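This report describes selected features of a predicted model.

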Amino acid sequence: MRVSRRKFLQAGSAALVGLSVKGDRPIAGSFVNDSFQLGHLLRDRAAFPAARRVEKHAVVIVGGGIAGLSAAWRLNKRGFRDFALLEMNEQAGGNSRWGENEITAYPWAAHYVPVPGPKATYVRELFEELGVLRNGQWEERYLCFAPQERLFLYGRWQEGIEPAIGLSEKDREQFRRMEEFIHRFRASGGFTIPMERGLSREQAELDQISFGEWMRQQGMDSKVLQWYLNYCCRDDYGALAADTSAWAGIHYFASREPEEKGPLTWPEGNGWIVKRLLERVGTYVRAGAMVHRVEPRRDGVSVFCGNVEHRAESVIFAAPTFLAPYLVEGMAALHDFEYSPWLTANLTLDRIPATYGSDPTWDNVVMNSPTLGYVDAMHQTVQSRVERTIWTFYWALAEGTPGGNRKMLLEKDWGYWREAILRDLERVHSDIRQCVTRIDVMRFGHAMARPKPGAIFSDERHRLAKLEGRVLFANSDLSGFSIFEEAQYRGVRAAEKMLEKLGGK
Amino acid sequence: MGILLFITVLLIAACGLIYELIAGTLASYLLGDSVLQFSTIIGCYLFAMGIGSALSRYIHRGLAYRFVWIELMLGVIGGFSSTLLFLAFAYSQGFQLIMYALVVVIGVLVGLEIPILMRIVKERYHFRDVVAHVLTFDYLGALGASLLFPILLVPYLGLVRSAMLFGLINVGVALWSTFLFAKQIPAARGLRSVCVVVICALAVGMAQAKRITAAAEDNIYADEIIFARDTRYQHIVLTRFKDDIRLFLNSHLQFSSRDEYRYHEALIHPGLSAIPAPRRALVLGGGDGLAVREILKYPQVESVTLVDLDPEMTRLFTTHPMLTALNQKSFRNPRVHIINADAFPWVDSNTDSFDFIVIDFPDPTNYSLGKLYTTAFYKAAARHLSAQGSMVVQSTSPMFARDSYWCIVETLKQAGLKTYPYHVYVPSFGEWGFVIASPHEYLPPTSLPAGLRFVSVDGLPAMFQFPPDMSPMNMPPNRLNDQVLVRAYDQDWKDISH
């Protein structure tokens with residue numbers, strides 16, 4: 001037994017105050033990969049260098065997230081080589097960026113793709129090419145290992161995120177009714193992925209009210225059900241049910257009927273897909289290349305990036321659409337595009353909390369927490385024992401206004417978020433501070449499109465999504481919400497349209 | 001002298017509280033229901049202190065002399081209290097009776113301490129100062145003890161040695177008091193030698209504490225424990241009763257030396273003897289070396305690779321004389337190569353091929369072990385099979401865990417293998433099941449190594465027959481994304497135990 005005097009005094013005084021011994025392990029970390037500064041240069045119309053050099057391509061893709069990379073994938077696959085992809089960040093991938101350390105690779109944002117249904121033909125095509133889908137069978141190692149999800153409620157963990165314990169008869173009845181609704185909406189064929197394939201005026205009314213209002217109209221007042229639906233909206237849209245279009249809220253549930261227990265996931269989340277795409281189209285990608293002006297001309301489009309003018313016949317604008325009015329000459333301001341701010345953090349754990357509480361689970365959610373919980377990057381390992389891991393902590397800042405929350409994201413320092421994250425985790429893992437050695441935080445001012453009421457059937461959105469003119473818009477926000485399948489769909493569609501145009505010439 | 005006196009009060013207060021906490025903790029450990037245990041023990045203890053205080057009025061003379069004796073008695077009784085309780089739990093039926101008797105005796109003695117001490121010093125100070133100071137230090141001592149107990153004593157010293165340490169403090173106080181109150185004690189020298197003897201006894205006790213708890217644990221397990229160790233991966237316990245050695249991993253029985261030959265002969269020979277010229281064998285799991293022992297009966301096998309997670313396990317079965325007698329020093333055989341690695345990642349990264357693969361893992365009691373029973377794992381393992389190769393899988397009991405057994409069979413089928421399920425009776429396990437799985441047709445062997453005690457050519461066909469109560473069940477395969485086997489296994493055993 002070796003206890004230094006200092007340690008002893010610390011233990012003793014800690015015991016006096018809190019009656020638990022707390023180590024003072026320093027927790028390292030910082031903000032990482034913020035693109036605020038870059039974005040704000042555009043917003044503030046900062047001065048950019050004049051072009052010194054001209055490069056010519058048939059096509060320039062602006063933005064290297066899933067939409068842009070998918071456009072590149074399709075162009076390349078069709079044998080089309082005369083294009084360049086310009087990505088503002090040093091790392092391509094957008095919301096599917098990832099990180100790696102000595103323990104494992106881990107995601108920075110998007111971390112899974114639900115097993116795609118038959119209508120998501122492009123996603124299935126990509127997954128067949130990547131060996132995720134083979135002879136009609138999903139590769140077992142890419143399907144999320146069991147147990148997938150758990151929820152902490154009433155002081156214990158249950159399997160699955162839909163609350164199943166402690167339900168009153170009323171709660172059960174309303175969950176049942178919700179399920180029947182979903183069943184009917186699914187059968188209507190109006191809720192599909194990609195959303196464009198099923199979108200129908202028949203359901204347009206649902207877009208006029210919020211999901212919260214729709215629940216009220218159906219007499220669904222169960223607190224547990226409301227928590228669950230709110231959680232789902234926060235998870236997929238970064239918004240509360242009261243700020244989400246009822247159409248979008250229903251789409252979350254009615255659009256998917258997986259043929260296999262999923263989702264598909266990898267340690268680095270959708271970064272795995274980005275890696276595979278970069279293996280194929282990486283040579284076209286210029287990272288750290290911020291476009292500062294897009295100038296349509298009579299015979300083409302000039303894309304200004306650093307001191308280079310890229311002259312293209314057409315442009316695929318795959319970056320978030322809200323950036324377009326700041327970049328594209330002569331483009332009017334947008335009104336129907338709103339985005340939810342998010343925060344993600346990667347926590348390095350050099351031991352698993354003694355308070356873990358069940359078999360190792362992939363997605364861990366705590367009822368009535370403002371955050372979305374954490375995902376374990378080591379879950380998809382075939383090792384039988386995991387001693388160190390990375391948890392990716394998700395926090396959609398859904399309460400309040402997006403603008404106010406963006407301001408808060410900018411103002412608060414790293415220490416503030418570290419404490420907020422640790423306190424949230426301490427609800428369920430009282431020993432978390434003794435397990436974490438590092439917390440890196442990434443702030444996303446405009447993480448994902450927010451499908452507020454009216455967003456889905458917005459004329460502005462439909463007009464931009466039409467793929468007309470020399471600048472084709474391809475970001476997933478044109479679907480009204482940001483999910484992998486929509487981003488990939490719009491990227492591939494833009495590429496096909498481009499091939500059609502160039503081929504027809 | 002004042003401060004010394006009050007430190008004495010502080011120390012004896014701490015001792016008193018520690019004995020009470022030890023009794024409460026031990027009772028909670030051994031009997032459960034900590035609220036009940038702590039409540040009744042605190043109640044009894046305080047009540048006994050009251051009795052002690054009441055009794056103090058009957059002590060008229062020789063206060064200091066009697067105080068020293070009280071401290072001595074507390075040192076002995078309190079110091080050995082947890083030892084006594086451990087042994088009482090292991091060896092007697094009357095644990096609770098002994099425990100409450102002990103609590104009452106200690107309580108009475110502690111109850112006597114403070115009143116007597118106050119009377120000893122009342123001549124020297126004002127009454128109101130005596131009361132204020134004695135009680136202040138009494139409560140301070142209690143605070144110190146209550147903080148020390150959970151933070152330092154239990155984690156670092158354990159209950160047996162903590163009690164002895166505080167016994168030593170009580171005796172120390174006794175010894176010190178003989179000096180402090182030297183004028184009031186006539187036969188101080190005699191008392192001092194008693195103190196020294198008791199101190200020696202407690203010191204020896206502290207040094208031997210491990211033995212005492214081991215002796216108690218021995219009796220809690222049915223048989224004598226010949227080895228117990230917590231490794232990084234598991235809790236290994238070996239027990240012996242007469243000539244029967246048993247291995248437990250995380251409290252699950254792995255083998256009994258009386259009938260393990262049935263299990264291991266059945267695991268190896270039906271599969272291995274059917275391969276025309278086996279040269280290379282792989283054993284996944286099986287860190288006891290018993291499967292390897294059977295494989296070494298084939299002189300044509302040139303190499304056996306054993307992959308087991310736990311180096312302590314393979315070291316134990318390489319060095320412990322009783323165990324190497326059992327596995328016939330199989331791990332020391334030059335044909336055997338031991339690799340301590342996690343099986344699934346090893347199978348994924350290694351590229352060697354083998355004529356016979358033995359998959360002998362613990363039952364799928366959790367999702368981590370369940371991964372080793374999935375289509376993904378069997379596909380990965382099957383990639384290591386040579387052209388003539390086949391594998392055999394330990395597959396739980398088709399009798400007690402019938403769904404689980406047939407789930408494993410289905411999983412092997414879905415991994416693209418032909419399956420040949422069979423079962424044997426192992427007395428210490430009951431009916432036990434295995435599956436031979438191979439990309440090609442399996443034909444039972446027509447000859448076996450000499451000297452087998454259980455498997456015979458004539459007996460083979462019966463092993464492949466399943467009576468109606470163990471016949472095939474319709475089960476889905478076990479995949480990484482649903483792990484139906486872990487749920488089925490859990491349900492199978494629940495059905496049996498309820």
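Is A:Arg470 buried, exposed or partly exposed?

## A loop residue of chain A

A:Arg470 is partly exposed, because 16 other C-beta atoms lie within 10 Å, whereas a buried residue would need 20 or more and an exposed one 12 or fewer. The residue belongs to the loop between helix H13 (459–464) and strand E20 of chain A.

When neighbours within four places in sequence are left aside, A:Arg470 is in contact with A:Pro296, A:Gly300, A:Val301, A:Ser314 and A:Val315. A:Gly219 is 251 residues apart from A:Arg470 along the chain, and 49 Å separate the C-alpha atoms of the two.

## The parallel sheet of chain A

In chain A, an open sheet is formed by 5 strands with parallel pairing, in the order E10-E3-E2-E14-E20. The edges are taken by strand E10 (285–286) and strand E20 (471–473) of chain A; each has a single partner strand, so one side of each is left without a neighbour in the sheet.

Helix H3 (residues 66–77) of chain A packs on this sheet, where it touches E2, strand E3 (83–86) and E14 of chain A. The direction of H3 makes about 155° with that of E2(A). Helix H14 (residues 484–503) of chain A also packs on the sheet, with E2, E14 and E20 of chain A as the strands it touches. For H14, the angle with the direction of E14(A) is about 170°.

Within the sheet, strand E2 (residues 59–62) and strand E14 (residues 314–317) of chain A run parallel and are joined by 4 bridges. A:Ile61 has A:Ile316 in E14(A) as its bridge partner.

## Helix packing in chain A

How do the axes of helix H4 (residues 121–129) of chain A and H14(A) cross? They come within 9 Å of each other and cross at roughly 90°. That makes H4(A) roughly perpendicular to H14(A). On the side of H4(A), the residues that meet H14(A) are A:Tyr122, A:Val123 and A:Leu126; their counterparts in H14(A) are A:Glu485, A:Gln488, A:Tyr489 and A:Val492. The contact of H4(A) with H14(A) comprises 5 nonpolar residues, 1 polar and 1 charged.

Helix H8 (residues 246–254) of chain A has 8 of its 9 residues buried, so it is largely enclosed by the rest of the structure. The buried residues are A:Ala246, A:Trp247, A:Ala248, A:Gly249, A:Ile250, A:His251, A:Tyr252 and A:Ala254. Their cover includes helix H5 (169–188), helix H6 (211–217) and helix H7 (223–237) of chain A.

## Domains and sheet of chain B

The domain assignment divides chain B into domain 1 (2–214), domain 2 (220–252) and domain 3 (260–497). Taken over C-alpha atoms, the centres of domain 1 and domain 2 of chain B are separated by 37 Å.

Chain B has an open sheet of 4 strands in the order E1-E2-E3-E4, with antiparallel pairing. Strand E1 (224–230) and strand E4 (252–256) of chain B stand at its edges with a single partner strand each, so one side of each lacks a neighbour in the sheet. From one strand to the next, the twist averages 20°. E1(B) and strand E2 (residues 235–241) of chain B run antiparallel and are joined by 6 bridges; B:Arg229 has B:Ile236 in E2(B) as its bridge partner.

## The contact between the chains

Chain A contributes 18 residues to the contact and chain B contributes 22 residues. On the side of chain A that touches chain B, 10 residues are nonpolar, 3 polar and 5 charged.

How values were computed
Residues numbered from 1 in each chain as written. Chains lettered and ligands numbered in written order. Predicted model: local features only at pLDDT ≥ 70, side-chain atom pairs only at ≥ 80, totals over all residues. Pairing = 2+ DSSP bridges. Helix = DSSP H or I, 4+ residues; strand = E, 2+ residues; numbered from the N terminus. Contact = placed C-beta atoms within 7 Å. Axes fitted to C-alpha atoms, helices over the stretch in contact; angles between N-to-C directions. Nonpolar A, V, L, I, M, F, W, Y, C, P; charged D, E, K, R; others polar. Domains from an automatic or database assignment. Parallel < 35°, antiparallel > 145°, perpendicular 65-115°, else oblique.
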